[in-house]
Each structure stands twice: as structure tokens, then as C-alpha cells.
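Thanks, everyone. Let me put the model up and walk through a few spots.

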Amino acid sequence: MTHSLTDILWILLCAGLVFMMQAGFLSLETGLTRNKNNINVAVKNIADFSVSTLLFWAVGFALMFGATRGGWLGSTHFLLNFSIDTWTTVFFLFQVMFCGTAVTIISGGVAERLTFASYLFIAILISAIVYPIYGHWAWNGLNLGETTGFLARLGFVDFAGSTVVHSLGGWATLAILLIIGPRAGRFPQDEPPRSISGANMPLAALGILLLWFGWIGFNGGSTLELSEQVPLIISNTLIAGSAGTVIGLLLGYRVYGRVQVELIFNGSLAGLVAITAASNSVSSGTAVIIGAVGALIMFILDKLLIKYQIDDAIGAIPVHLGSGIWGTLAVGLFGNPVILDTGLTRSQQIGIQFAGIFICGLWAFGITFIASYVLNKFYPLRVTPEDEHMGLNVSEHNASTELLDLLVGMETQSQNNDLSLRVSVEPFTEVGQIAQKYNEVMASLEQAVKRTDAIVNTAQDGIVTFSRDGYTILTANPAAETIFDYPKATAVGQPFSILIEPQADRPRQQLITEIIESDTYYELKGLSANGRTFPMELAIAEAKIGDILFYAGIVRDISTRIQIEKERDKALEANELKTRFLAIVSHELKTPLNAIMGLAEMVDLGVYGDVVPQQKAILQEIIGSAEGMEQMVSELLTQAQLDSNTFVLRPRNFETAKLIERANIMLTPLAQEKGLILNLFLDDQCPPEMFGDFNRINQVITNLIGNAIKYTDKGSINLSIHFSSKEGWEIIVADTGKGIPQAEQAAIFQPFHQVESPYSREAGGVGLGLSIVQQIVILMEGDISLSSTVGQGTTVRVTLPSDKGD
Amino acid sequence: MSQPQALVVEDNINLSKVFSEALRQAGYEVAVVLDGQAALDHLEKNTPYLILLDLHLPDISGVDVLRWTQAEARFADSHIFVASADGTLAIDTEIEQMATIVLQKPVRFAHLQLIASRFLPS
């Protein structure tokens, strides 16, 4: 059989086109997988081509296309010598590309989990044994225009390799996937499957177009000559691929309501795979149907794989196996018998197509499964979970990219919780910008955490965190370690209950639960490492970091506070006792003192007959002493009440005029007795009612007028009461007495003070010193001021707020 | 015209002498009792014009005596001086309203005499 140079040119050109499919697969597979594995996927594509090329040259070509032994096995052309025969070399070039394609299909399906070595093993197995032997059965003699393989002799037709190349690759992929299992995280337990998105869809799309382009040679060259059939074959190929694409598009709209990228990709490839076997033997209309059905089958098979949790990374099985089987069957269903030229009826043809498909499955799946299974026993095909997590770029090739560096840096940080670490920044790239921002975020975070740490570490209160389960101590700040006498970090890991005194009525765990639920401070006994118990205050709050719940206990040693409280209570009690004692004493003293004063006065006034001057002097001494004693008792009592806060005001509404009336009754006689005039004046502006403690206000007025009478020898004493809504009440007591020296005015409000002056018995003892008056006025939220000129008189001004009663 | 009657109710016998003498000097005819029961017995039969009542009595409290008089219509024109030794000035409103005046001990002889003379019927 001779071949024109045109044919040779065409086949060489097609070999080049099919080679381009390697680039297509590389782009598609790296695009549909994750960045952490992309180098690995790409390198596998290059390595498998080289390995399979060498092996196909050394062994595969001989087994496939060497002189047949009974239609089963080739036996010549090992280590093919390219100088013997040009056509054989051209044919080898074209076929070696097909072999490479069959192998590379597998790499996509099993991507992201196989070790490189095991993938090479599979590439060797397929290219040296599985592919060439099955190829022999279908295609032996092709280069010589003969059909000598046993399947071909039975009438099996696979024009460009729907089964020989695509299904076979698909079967092998399935076998390996069953052994190695799905990628981590693809089928989480009790959750719907999680799709693993490809990292670079535009690259994958470019891969699809490169495959289309390559397919022109894949099918177009399979005539092995530049015949008039070629345009039809290429056209059928393109319209079948397009039909598959459109079906993918429609399925996306129908099922997901949108254009589903993967369905477009795989729909187009399924159409191309399906038409491969029949591209020379069907009409253009049929080609459209074959392509469309191929895409449908791809879709169904994809769903089945997910159902059975078979994780095909890029859809190699649905596309190449599913659609490949369909395409091979389509030859029987639709193939033009004249072109097929097998002499079989259509049903016979369909039967033999089935047989070919079945034998391919048995062979390719069987051998691959057994070989992989055995190898997996001794040498695991799959990478370790850690490597898979890290990505094969790093684990298999020690490759490093900026993104990867960033991820590794972040991973390290998340592992050791060291916030001070910073990732390396590659300037002028997007990842570099992310890295820089990440570092900035970390810096802020570190600062925030340091600030919190500083607060926790310097807090006076103990802060102890403990777990939800078992209440195990997680952390304790320095204050907590001091409170409970635990040396640094020795409390960590122990149960929180060891910090609490054992309870008589219930386990400490139960008490802790109660405190947690109460949401308030508890006062209880703490237990230190050396067995000392002490009163403490404990509040427990629930805290959360991410998903982790824990408790934070805030502890305060309240020994000192309790001690102070006890002492304060004691002091208060003592003070109250003193006040009560004084009240009783003053009450009991006042009546006999009153009797002493009265009796002495009676004698003094001559009730019992005339008194000689010496006797009068003694009587005045008695009266004066009694008065002094009485005043002291009153001042002591009032002062004690003020000191112990038992001085109580009883405010109520009363008639303002009553103050004047009372002063008139009580004090006018005293003034008149001394020859003084007491002027009482109530301003018209004053409201008829006043709100306040009548007795206390009256006491103040009585004291002030009493003092005035005491220290005034002639003239008058004026009491006037005023009111203004702005200033409130104003009570003024003015006298024309001897006045108080400037030097003594400041001291006049001191307790137990009396102006140095000769005793005036006529005035009588009326009430308390000015210091008490001042304190009473202040308690009524008022004010008192004094102005005095020696020789002219004294004016005391008291203001009181204008409170309204209810 | 006969002198107006006065009653002094004061358990301290010395002080009762002072009070009664002061009232007598002011122009009253004075009776003296030393406890609450005696006061009530006296008031059953008499209607004094002025009553000087110590609040702190050994048997019945002065306040009860005060209340008793308020219930009797015949005391409507009587003046009641209350004498209190309570240093805390905790005189409640009820006493304030029932009494004509409240005197804080010590009640001075001359002072009492002056005040009482002002209340003499004209």
C-alpha cells in the first residue's frame, strides 16, 4: 500500500492537532482543579505524555500494530525503527498521540489525590499494556488497510476511538477512583455533597477550545488519508460537539436556572466523544442527535457518580466513558452499512458493538483495578491527608507560589497562635497586597489582644476561664494565682471546683452550675492551694470564641471588705447605743434639773420670804450651774444624734403664722420681763402654709431669740419671716445687744461655745449653742449667717428651701 | 370672782412644787397629782381651766390622759400645757394639735408664771 505525500502531510498535520489536545487537557484539568494542585496536574499531563510515548514506541506500538498472533496480540515492531518505512513512522506518530490521549484522560478524573509515582505507574500500565492490547483487537492492520484484530474481524467498528481511546480511559479512571476514594471534603458525612470549584474557569474554557481544535485532527486524520470524506468527518465532529454544548446549555437552564459552566464544558466534550466512532458513517442530522444524546448521557452519569460518591474531579467518566459507549453503540444504530462495510445486518452490527464495549470494560477496568489494587496494598496510591490538605504542589514538588507561601504562613499562624508572626510580602502583586493587608490586620489584632492581655494580667480581680465540659481550668490570670496561692500556671488543667470550699449539702460542681445560671455575684468561701479558706465573691459568665464556648469566673477576695464591714457595723452599733444612752440620760436628767432650777428660782424670787444678798448670790450660782449642766446635756444629745445619723426630721405642712404665735407665747414674756421689745413680723409675701419640721424650725427660732434676749440689755429684738419663690424662706433675728467681737465671730459656730460675758440670769437657759442650730439648719438644706457689730447688735439670717409637701 | 382652777400632773414631786407655785403666783387655784390615774380621777370630778401635763408619767402615759380630755366636751375651753423632757423633740402632730402649747423641759419658774398669767380669763 503506497501513500501520497499529501496523505503523509495530512496525517502529520493531524498528529500535530491531536498533540494539541494534550495542551487542551492540561488547560482544562488545571483550570477545573484547585490552585494548590495545579502544578501537579500540569506536570502529570506532560510527564504522562512523555512516558507513554517512550513506552508506546518500545512496546505499545508492537503489541497494537505488530503482526498479529491470531487477532489477539502483535509480535513485531518492538523498539520501532523509524528508518525502515516512512508510512509506518507517520502512522506511529499519529497513533502515539492517541495513546497519549487515552492516558491523559485518567489524570483529570483522579486529580488532586494521587501521588506522582502512582500516577506514573498507571501511565505505564495503560500505555504499555491496557491500551495497545485492546487497540490490537479493534484496530490491528489499520496501517495496512486490513482488519486483523479479532473484534474487527467480527465486525466491530470504532472509527476514531470512542471506545478504543475514550471509553478505555474512562474505565481505567473508574477502576482507580473506586480504589482511592473521593477527595477530602467532597462528600461530608450527613451533609449534601460539596462541589469543589475550579480555580481558573477561563483557562479551562481555553482547554475546551484546544480540545475541539485537536479533535479536527483526531477524527479527520482517522481516515489515514486526505480523502473526500475528511470534510464530512470534520463537519460531523463540529456539529455533534456543538449539539452537545447546546444540550449542556439547556440542561443548565432547565435544572439550575442558569448557564452552568461545567455543563457547557462537558456537554461539548461529550458531543465530540460520542461522534468519534461514527463521524465517517452518519449523516449530519444524525451527528447532531448523537452529539446531543452524548451530552444527556454525560449528565445522567454525572448524577449517578455523585449518588454513589465517586469523585471524578473533572467529569472524565461521564464524558469519556458514558458518551464513548453511546458513540460506539451509535455506529450500530445509525452507521451507513456501505461505509461500515462489515457485511452484518444492523442488529448483528449493534450486537458486535455491544460486545466490543463490554470486552473493553472487562479488560480495561479489570486489569487496571487488579493492578492498582495490588499496588495499593504495598504502596499507597493516595497521598496522606496532610499532603492532600496542603496541596500536591507542595507535597509532591516542593513547589511554592506566592499564594501558597501566604497560605502556609497563615496556616502556621493558625497552628501556633503566635500573633507576632508576619507573612512574607511579595511587592507589586495582588497576593502581595493581600499579604500586606493580612499583616496589617494581624498587627491590629496583636495590639488589641496585647491590650486585653495587659488588662487581664494586671487586673486586681482574679479571672479564671474554664471549659464547659467538666469545668476544667483553661487559664488563670496572675491575680487569680495570687488569690488562690497557685504558682504560675499550676491551676490550669485542674477542675474549677478545687477553688471552692467543699459544700456540706451538695457537690461543688452543682454549686458552680447554680452560679452560672444565676448570672449574679455569689458570696462564698474560696479554697487556696494550701487549704486556707477565705470569703470571696464569684461571678461566672459564659464566653465564646468562634464556636468554642467556655466560662469566665471573676473572683474577688473579700476578706478585708468583710472585716471592714464588721468593724463598721460594730462602730455603728456602738454609736447608736451611745445615742440611745444619751437620750435616756438627758430625759432622766432634765426633770430633776428642772426641779433644782425651779426651786432655786422660787427661793430667789422670794416665794419663801426675804433673801439676803449673799443667799441670792448662792442661789444664782445654783441656777447657773444647773443651766450649764442642762445645756451641756442637750448639746451632747443633739450632737450624738447628728453624729450617728439618728437625727430625724419630721416635715409636714403647718400654718406659717404658728411660728410667730409660738414665739409670742413663749418669748414675749421673757423679753418683757427684761424690759425689751420683741417685734414679730410676718411678711405679706409669705404663703399661709409652710412645709418643714415645725418643732425644729421653732427650736431654731427659740434658740436665736433666746440668745438675743440673753445678750441684749436694752432696746428691741426683731423676728421677721420673709419668702420669695426664688430664695425660699428667710428668718431674720436682729437685736440691739452688745454684739460679738469680730475675732469671736468665726468661732461662734463651734460646739459648746459661749461668748465670754457676764452671766445674765434673767435670760434663762434657752436651748442650744449656735453650732447645733447651724447643723440643724444645714440638715434642713438651709443656710445660716451672722453679722454683728460690737455695741450695735447682732443679726442672724437663716434661709430654708421652699419645699412643697405632698 | 373666784380664781380659775389649774391642775398640775407631774410625777417629780419637787418639780410639781415649782410648777404649782408658778401657776399659783400667776393667779390660779392649783391642784397637784403625781400620776396618770390620779389625774383621771381628779378630772372625772373637776374641769380645770388650765392643765399642765407631763408626758412621762409612771402609770398611764401623758398622751393617754391628753386623749381622754379631748373626748370630753367639757374640756373644750380648757388650756392644756404639755411638758416634755424628750430631748429628741420627737413630738408628733397629734400632741401638737391636742395641746395648747408644748413646753420643753426645763420649764423655768418665771417663764411658766409669765405664760400662764397670759392665759388667765379676762
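A:Tyr471 is buried, at 10% relative accessible area; buried means under 20%, exposed over 50%, partly exposed in between, with a 1.4 Å probe and protein chains only. A:Tyr471 sits in the loop between strand 1 (462-467) and strand 2 (473-476) of chain A. Helices (H or I, at least four residues) and strands (E, at least two) are DSSP runs, numbered from the N terminus. Phi of A:Tyr471 is positive, about 50°, though the residue is not a glycine.

A word on the source. This is a predicted model: local features need pLDDT of at least 70, side-chain atom pairs count only at pLDDT 80 or more, and totals for chains, interfaces and linings use all residues. Residues are numbered from 1 along each chain as its sequence is written, chains are lettered from A and ligands numbered from 1 in the order written, and side-chain values use heavy atoms, leaving out hydrogens and water.

A:Leu224 also has a positive phi, near 65°. A:Leu224 is in the loop between helix 7 (201-220) and helix 8 (230-256) of chain A. A:Leu224 is buried, at 8%.

Next, helix 13 (residues 346-378) of chain A, which holds A:Gln353. How accessible is A:Gln353? Its relative accessible area is 0%, so A:Gln353 is buried.

A:Val374 is partly exposed, at 41%.

Last, chain B. A cis peptide bond joins B:Lys105 and B:Pro106, with omega about 5°. B:Pro106 lies in the loop between strand 5 (101-104) and helix 5 (109-118).
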